[in-house]
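Have a look at the model first, then read on.

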Amino acid sequence: MELLDKITELKTKILEEINNAKSSQELKNVTDTFLSKKSAFNGLMSNIKDLVGDAKIAFGQAMNKARNELNEALKAKQESLREEEIAKKLASESIDITLPASNEQMGGINPFHLITDEIIDIFVSMGYEVKEGPDVETDYFNFERMNIPSNHPAREMQDSFYITNTTLLRTHTSPAQAHVMDEKKGQPVKIICPGKCYRRDDDDVTHSHQFGQVEGLVVDKNISLANLKATLELFLRRMFGEKREVRFRGSYFPFTEPSVEVDISCMNCHGKGCPTCKGTGYIEILGAGMVHPHVLEMSGYDPKEYSGFAFGVGIERVAMLRYGIDDIRRIYQGDTRFLKQFNRK
Ligand code: PHE
């Protein structure tokens, strides 16, 4: 029958066009032409009104079969084109990870860590053990065990970040002293504890809400202020050079008695007085003292038999003085222009 041949003819032509489509867009053009009401293929349908009986049925079936075939061919082609296009896109966007980076930048070691490691080296060479304490402390260890009961005015100087009523970010590394003494159970102690501390300070050129300290603690029989003095002088001369004068001033900490603050002669003016040392010729570098008998007692050491000394060094302060850093915030900003200037010797 002529009409059926026409269907086959047109179908073959459209199939060819489908197969020849080179892109989704081209295929869409074919689809639009094929699906549109006015398309040549759908136009064939108008012939049905002139047909009757078996001829009508045969024509309808042939049209449906052809339409299904075309739809399937379209779907298959759509799928294969999509895959092709994805593969092309992937190939064009592929990255050769074996190529060297175009802008390879080396930073340096943050002076905070350089100084921490140097402090550790100096004390390890004197036979100290390195310990760590938790950053989140209990009120009990941060204050009570350091002889700072809840009504003590010294608490005010260490305005704090509380987590609950009884836990806080430690305001100094000193609570590590109590942890270590608990652990040593009455045996001699000779430790340093480097770590971070937190105080609700306003940040400025010399203050940060987070800073590093290295705590030191020696407990044994016959430990005296002379041992403390000799140890800290040795440490400070190694850190800042043999020519540094070291000065001890009487001070107050609730957990040491007597307490001292230790200054070194100003590296800028060598003791004459200049803006760096605010005209005094000296710069304060650490706090220290003989462990308070009550602190020893609370930690299970008999103060009649045992004595000890403790100190706390601010890590950033040492770094700033050693390297002439004018603003503490530079240490935290991660600016590679700053960091590049530092490296291990
Ligand atoms: N914990 C004191 C502070 O943070 C420093 C210190 C440590 C003083 C040990 C004496 C002994 O200021």
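## A charge over a ring

A charge sits over a ring if NZ of Lys or CZ of Arg is within 6 Å of the ring centre and within 35 degrees of the ring normal. Arg247 does this with Tyr282: its charged end is 4.1 Å from the centre of that ring.

Some ground rules: this is a predicted model, where local features need pLDDT of at least 70, side-chain atom pairs count only at pLDDT 80 or more, and totals for chains, interfaces and linings use all residues. Residues are numbered from 1 along each chain as its sequence is written, and side-chain values use heavy atoms, with hydrogens and water left out.

## Around the ligand

The side chain of Ser174 has an N or O atom 2.9 Å from a nitrogen of the ligand. For Arg199, a side-chain N or O atom is 2.9 Å from a ligand oxygen, and a polar side-chain atom of Gln213 is also 2.9 Å from an oxygen of the ligand. On its own the ligand has 320 Å² of accessible area, and the protein covers 92% of that (Shrake-Rupley, 1.4 Å probe; for residues, only the protein chains shown count as cover).

## Aromatic pairs

How many aromatic pairs are there? The count is nine, with Phe, Tyr and Trp rings (the six-membered one for Trp) pairing if their centres lie within 6.5 Å; planes under 30 degrees apart are stacked, over 60 edge-to-face and the rest tilted. Phe123 and Phe311 are stacked, at 5.1 Å centre to centre and 25° between the planes. Phe123 lies in helix 5 (residues 111-125) and Phe311 in strand 9, so the pair ties together parts 188 residues apart in sequence. Helices (H or I, at least four residues) and strands (E, at least two) are DSSP runs, numbered from the N terminus.

Phe123, Tyr128, Phe235, Phe309 and Phe311 form one aromatic cluster. Phe123 is buried at 0% relative accessible area, and Phe311 is buried at 2%. Buried means under 20%, exposed over 50%, partly exposed in between (1.4 Å probe, protein chains only).

## A threonine in helix 8

Thr231 lies in helix 8 (residues 225-240) and is buried at 11% relative accessibility. Its side chain reaches the backbone oxygen of Asn227 at 2.6 Å.

Technical notes. A polar contact is a pair of N or O atoms within 3.5 Å; within protein, one must be able to donate a hydrogen and the other to accept it, and residues adjacent in sequence count only if both atoms are side-chain atoms.
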